[in-house]
Amino acid sequence: MAAGLKTIISLSFVLAIGFLLVILSCALFHQYLPLLVVATYVLAPLPNWICGRCANPDDFVESSGNAVVDFGRFCTGFLVLMGIALPVLLAHSGIILWYAAVMSIIGGVLIYGTIIAFGMFFEEEHEF
């Protein structure tokens, strides 16, 4: 039980640092478009989760098609890539500064990494 509590505390600390970086990238430079990165990283795991639930894998037949799961992974990958490419695009076009873009990307990667780590540490194991 103590290992679970330490994991939750450390993941929440990393998540807080990620949100702090994204908020500081907006507040320090008075440009609030980098907050869009938070939306993409929060929405990124949803297609993978929804398509994983809709796939309904059969326990006895392993050769069933995984097109729904692959589509969910594609959408998740698209959203993660958009979270990295959006600040770069905004900085390249001169809408935000490069410092804000770098802080936003680092904060977004920390946020998404925390979401993935939380899913890996607290995933329920299925016993058949």
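**A helical chain, talked through**

Guide: Of the 128 residues in this chain, 27% count as buried. The model is a predicted one.

Visitor: What elements are there, and how many helices and strands?

Guide: The chain has five helices and zero strands. Read from the N terminus, the order is α-α-α-α-α.

Visitor: How do the axes of α4 and α5 cross?

Guide: Helix α4 covers residues 67–92 and helix α5 covers residues 98–121. Their axes come within 7 Å and cross at roughly 165°. An angle over 145 degrees counts as roughly antiparallel, so α4 is roughly antiparallel to α5.

Visitor: Is that crossing left-handed or right-handed?

Guide: The crossing of α4 and α5 is right-handed.

Visitor: Which residues make the contact?

Guide: From α4: Thr 76, Val 80, Ile 84, Pro 87, Val 88, Ala 91 and His 92. From α5: Trp 98, Ala 101, Ser 104, Ile 105 and Tyr 112.

Visitor: How do those divide into nonpolar, polar and charged?

Guide: Nine are nonpolar, three are polar, and none is charged.

Visitor: New topic. Where does UniProt place "transmembrane region"?

Guide: The unreviewed UniProt entry puts that feature at residues 12–33, 71–90 and 97–122.

Visitor: What does the model show over residues 71–90?

Guide: Residues 71–90 are 100% helix and 0% strand. The end C-alpha atoms of that stretch lie 28 Å apart.

Visitor: And how much helix over residues 12–33?

Guide: There the chain is 73% helix and 0% strand, with end C-alpha atoms 24 Å apart.

Visitor: Last one. What share of contacts joins residues at least 24 apart?

Guide: Among contacts between residues at least 6 apart in sequence, that share is 74%.

Key:
Residues are numbered from 1 along each chain as its sequence is written. This is a predicted model: local features need pLDDT of at least 70, side-chain atom pairs count only at pLDDT 80 or more; totals for chains, interfaces and linings use all residues. Side-chain values use heavy atoms; hydrogens and water are left out. Axes are lines fitted to C-alpha atoms, for helices over the stretch in contact, and angles run from 0 to 180 degrees between N-to-C directions. Helices (H or I, at least four residues) and strands (E, at least two) are DSSP runs, numbered from the N terminus. Angles under 35 degrees count as roughly parallel, over 145 as roughly antiparallel, 65 to 115 as roughly perpendicular and the rest as oblique. A crossing is left-handed if the near helix is turned anticlockwise from the far one by less than a right angle, and right-handed if clockwise. Contact means heavy atoms within 4.5 Å. Ala, Val, Leu, Ile, Met, Phe, Trp, Tyr, Cys and Pro count as nonpolar, Asp, Glu, Lys and Arg as charged, and the others, Gly among them, as polar. UniProt positions are given in the numbering used here, feature names are shortened, and annotations may be inferred rather than shown by experiment. Buried means under 20% relative accessible area, exposed over 50%, partly exposed in between (1.4 Å probe, protein chains only).
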